[in-house]
Amino acid sequence: MVAEGGRLLVVGGGVLGLAVAAAAAEDGWRVTLLEREDALCTVASGTSLAWANALAKRPASYAALSREGIKRHAAGSAAATEPWFTPMPADVRGVTVTEGGIVDVAAFARAHAGAIRDRGGIVRVGASVARIEADATGAVAVLGTGERVGADRVVLAAGVGTPALLRGHGALAPIDVVGPIGAIARVRAPASWSAGLTVGDELSARPSGAGELLLQSASLEEAIRDGSLPLDERACWRRLRAIASRHGLALEDDDLQGFGFAHRPQPVDGLPIAGWATDRLYVVVAHSGVTLAPVLGCLVAAELGGERQIELQGLRPPGSVPNDSDEEHIHGH
Ligand SMILES: Cc1cc2nc3c(=O)[nH]c(=O)nc-3n(C[C@H](O)[C@H](O)[C@H](O)COP(=O)(O)OP(=O)(O)OC[C@H]3O[C@@H](n4cnc5c(N)ncnc54)[C@H](O)[C@@H]3O)c2cc1C
């Protein structure tokens, strides 16, 4: 493995790429993070309910990883100039769940990009990676513009864009990480609304910043998926207003502050993927990535430094290197 001071390229500026890049920069890597969009955390990470939770996670090792994610959010946020995590009980279908809290993803992004830059790292937005080239001497990210960015090691944390960059590298079985589409609305909170974090089959809601709520509806997402509702902001907002009003949340048309759609980066069995595709290329993809980012960031950074992490043993993509014949793979694909 490369010693401290090696060049690390991280592709993807969502919560996972930022967490890995910040932890690796702290470990002494010279980090460059490349993000395709014009801002950080705008794809799945910016279209997330961002509830850090360990509810109904299976197997036990995955639940433990989620609990560790919550703990590290709390500790990291408490030490940050601009906190990003608020511990908060959730009303989940009428049952109170005390473990967990809400993440301000934009504040998380600012804190982590700041930490990378403070360690001399580079965070670039508007930098779309067309492909990765790698051989025995190193790796190169070739940007859409033709620009080439060299590194000793590359981490792919590109969410649903990861398989396209992996193609042609190593012996990994093709991975399918395009999970169900999700929709999040940011709305002005009516003065009458006093509920905190509520999670339901029809409607989930959480506070977000000053006087705003994030809303998500599993039944609305289901209707998009089965084709009975078009993937259209106006149509989805009309449906969401009707659902919200059934739950005592009366919204006016101009209460809508933003509406976003994104596919969940989600391996087919729902569990994260973390491991080496080749000796130069590491891949990390996770559903519940907001919950897991702080813990996966540190574990992946440790593996970049050559220390195999027992917590990641069950999460290797089949065909990963080094050949983990001693490890039990729990991914079924
Ligand atoms: C509706 C919804 C609700 C959710 N609710 C929760 C929740 O309550 N709790 C929770 O823990 N998780 C939740 N999730 C899941 C969570 O949001 C994701 O697991 C997490 O954001 C994944 O982070 P990421 O960094 O891997 O992905 P992303 O945020 O998608 O980041 C990947 C980045 O890679 C970039 N990229 C891709 N290809 C390239 C390329 N070729 N070159 C350069 N950059 C590239 C993309 O532009 C993107 O910014 C939810 C997701 C959705 C959609």
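The ligand is surrounded by 39 residues, and Glu35, Ser45, Ala286, Gly289 and Thr291 are the closest (a residue is near a molecule if one of its heavy atoms lies within 4 Å of it). This is a predicted model, in which local features need pLDDT of at least 70 and side-chain atom pairs count only at pLDDT 80 or more, while totals for chains, interfaces and linings use all residues. Residues are numbered from 1 along each chain as its sequence is written, and side-chain values use heavy atoms, with hydrogens and water left out.

- Thr291 places a polar side-chain atom 2.8 Å from an oxygen atom of the ligand; a polar contact here is a pair of N or O atoms within 3.5 Å.
- Trp51 uses its backbone instead, with an N or O atom 2.9 Å from a nitrogen atom of the ligand.
- A polar backbone atom of Leu16 is 3.1 Å from an oxygen atom of the ligand.

**Helix 1 with helix 3**

- Helix 1 (residues 15–26) packs against helix 3 (residues 105–118) at an angle of about 30 degrees, and their axes are 9 Å apart. Helices are DSSP runs of H or I with at least four residues, and strands are runs of E with at least two; axes are lines fitted to C-alpha atoms over the stretch in contact, with angles from 0 to 180 degrees between N-to-C directions.
- That angle makes helix 1 roughly parallel to helix 3 (angles under 35 degrees count as roughly parallel).
- The crossing is left-handed, meaning that the near helix is turned anticlockwise from the far one by less than a right angle.
- Residues in contact (heavy atoms within 4.5 Å) include Leu18 and Ala22 of helix 1 and Phe108 and His112 of helix 3.
- By class, this contact has 12 nonpolar residues, one polar and no charged; Ala, Val, Leu, Ile, Met, Phe, Trp, Tyr, Cys and Pro count as nonpolar, Asp, Glu, Lys and Arg as charged, and the others, Gly among them, as polar.

**Helix 5 with helix 6**

- Helix 5 (residues 218–225) and helix 6 (residues 233–246) meet at about 145 degrees, with their axes 10 Å apart.
- Ser219, Leu220, Ala223 and Ile224 of helix 5 touch Cys236, Arg239, Leu240 and Ile243 of helix 6, a set of six nonpolar, one polar and one charged residues.

**Backbone spots to look at**

- Most residues other than glycine have a negative phi, and most peptide bonds are trans.
- Ala50 has a positive phi, near 55 degrees, and sits in the loop between strand 2 (30–34) and strand 3.
- Arg58 and Pro59 are joined by a cis peptide bond with omega about -5 degrees; Pro59 belongs to the loop between strand 3 (51–52) and helix 2 (60–78).

Terms used. Parallel < 35°, antiparallel > 145°, perpendicular 65-115°, else oblique. Polar contact = N/O pair within 3.5 Å; in protein donor to acceptor, adjacent residues only side chain to side chain.
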